[in-house]
Amino acid sequence: MSHPTPKELEGFVLGRLSSAEMRDVARHLLVGCPQCQEVTTGLWEPEDIFEDPQTLSLAEEGSHDGYDEVLDRVFERILTTEARLTDQRSLGRKLYEELMQCPAERRQLLLGNSQRFRSRALCERLIEECYEAFFEDPRRLVEVARLAVQVADRLDTGDCGGEEVLASLRVRAWAHLGNALRINSDLMGSEQAFTKAESLLNGNRIPPVERARVLSFMGSGHMAHRRFAEALQTFDRAATIYKKLGQWSLLGRTLLQKSLVCSEVGDDEGEMRYLRRALDLIDPQADPRVFLAARHNLIYTLYERGRVREAFALLYHTRPLYLKAGDRINLLKLRWLEGTVAFGLQRIDQAEAAFREVREAFMELGLGYDAALSSLDLASVYILQGRSADVSRVAEETLAIFQAHNSHREAIAALLVFSSAARINRAGIDLAREVSSFLKRARNNPDLRFSAPS
Amino acid sequence: MSALDHPQVESSLEGFLKKVRPRLKTLFAHYRIPPQDTEDLLQQALLALIYRQEGIRDPEAWLLGTLRNKCLLYWREQRRRLYDAVDAAVLEFMAAPLEPAQENADLQRDLTSALGRLPERCRSLLALRYRQGYDPAEVAQRLGYSPASISKITTRCLAALTRHLVAPGDCKKKVGT
């Protein structure tokens, strides 16, 4: 019986022989040739192949010169690519700064007509900026996300070095726009942007981590439309990808989003459970803002359950994180929470000062719902103090501000009821709570009807 | 923030590569990746490292972890190619009409003996595939598997058969996993 050569056996194990040769070796091995099987067993990967590379013995090092040539080649290419990338990033920053210095109409002209601004680097920069604007200035976020979409839609595969990169840029830009519009309560616009993102997601090869990120945005979109089952399903898809990739902090972020769904559907136990698990997984060093968001939600949940002292204690320990984050929205959230917890502890003066500050800031930012909600909190303080003229003044101002920024008729009707009641000195704490609770729900549910209390 | 905006990496990608070089060689050698096949694996991982949009806190651990996964995927891919080749070879023997009777009888005996060492469900599945010439959909129907899962089960059985041919001592440990 003639045996295959060791080279042929190696080629067989690596699946590299021609089909005829593969067949001949397979036929030979089918007989059960112990001599050849000894060779192929040695070529079969060892059992310890699944071992953690961190535990590889250092003694193994230094004796694998066969790899040197390949490593030299790859390292050289990577260093060249890195230098090119650095240049591109610097170009992206430069184009971004130039673009943002122009008035809005000029930006459109530049993006539509100038070849210089048809740039992948600029698009990447705009998408990066969306992450920043998300925390800093929600209205600017929409503007930046629209610019990102505009640039992404003008790029072609040649500009990006491949179809996959182009698809990834487009889907990310559209998902950011959907998210930005959602945050700014433009639910219809948000839905259209997410539909576009979804079609791009389904029709293209997108890197898994980007796919999961887009799914997370889309889950929030479903939640805004009160499609809670779909939201949970979408978050689960994102969570599965993060789990597979070992992205624990991003998985924690997704669990935080799931806790919000639980809160919306009244699943208190689920909300608390996901919040705690999210806090275990989110890396406070790598993801400080998200960690802070999870802590914030936990404090608020404790307050809402009447566990005000626990909320106060946790707020005390969390305050440094807000201050470290330092962005305007987080500082406002801190101040608002301080007012809320102070109100729960009957520290009325502290609550009043906090609510006034927060309300003025939200009005200045043009965030109608938040301005209205903090106004109702302030009105509650005045009601407790028996300052009916102030209650009435705050109610009138809130209505005017809200109408200037929002067209949601039912929310306006709710504020109108409160304002009318305040005018005749009939606005009590219960009504303030009722209107506040309605506004929170109506924010993401334009179809919700307000029924005035009898 | 991208990986390269991270001060640890940005300051000296060259230094970083120099530092990880011995570990990379150890890793590839440990996973027995032929030098000519390391090029793509390493380039993909390093490109991902420099392109990544979010901060990578520990680039060395990230790179080694990523390469480890790529090495495992590499072997999985090689294995799949081998299973397909074994499958094709066996199907070809069985289909060859002009084999001399003695050779055919020997082949049947060897195949029976090889299948006999596999778990029952693989035995039935591969017997239907090789002896009766059933296609995967028919095998699924015959054995009560869902059409969606038959491909995965067939691959596992082919893996078991291939292991039996190539590394018989290793066979029992991995069958059906």
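First, housekeeping. This is a predicted model, where local features need pLDDT of at least 70, side-chain atom pairs count only at pLDDT 80 or more, and totals for chains, interfaces and linings use all residues. Residues are numbered from 1 along each chain as its sequence is written, and chains are lettered from A and ligands numbered from 1 in the order in which they are written.

So, chain A: 22 helices, zero strands. Those are DSSP runs numbered from the N terminus, H or I of at least four residues for helices, E of at least two for strands.

Helix 1 (residues 6-13) and helix 3 (residues 34-43) of chain A have axes that come within 10 Å and cross at roughly 50 degrees. Axes here are lines fitted to C-alpha atoms, for helices over the stretch in contact, with angles from 0 to 180 degrees between N-to-C directions.

Who touches whom? A:Pro6, A:Leu9, A:Glu10 and A:Val13 of helix 1 meet A:Cys36, A:Val39, A:Thr40 and A:Leu43 of helix 3. Contact means C-beta atoms, placed from the backbone, within 7 Å.

Now the other pair: helix 19 (residues 368-385) and helix 22 (residues 429-442) of chain A, with axes within 9 Å, crossing at roughly 170 degrees. That's why helix 19 and helix 22 of chain A are roughly antiparallel, a label for angles over 145 degrees. Among the residues making that contact are A:Leu376 and A:Leu439.

Notes
Angles under 35 degrees count as roughly parallel, over 145 as roughly antiparallel, 65 to 115 as roughly perpendicular and the rest as oblique. Two residues are in contact if their C-beta atoms, placed from the backbone, lie within 7 Å.
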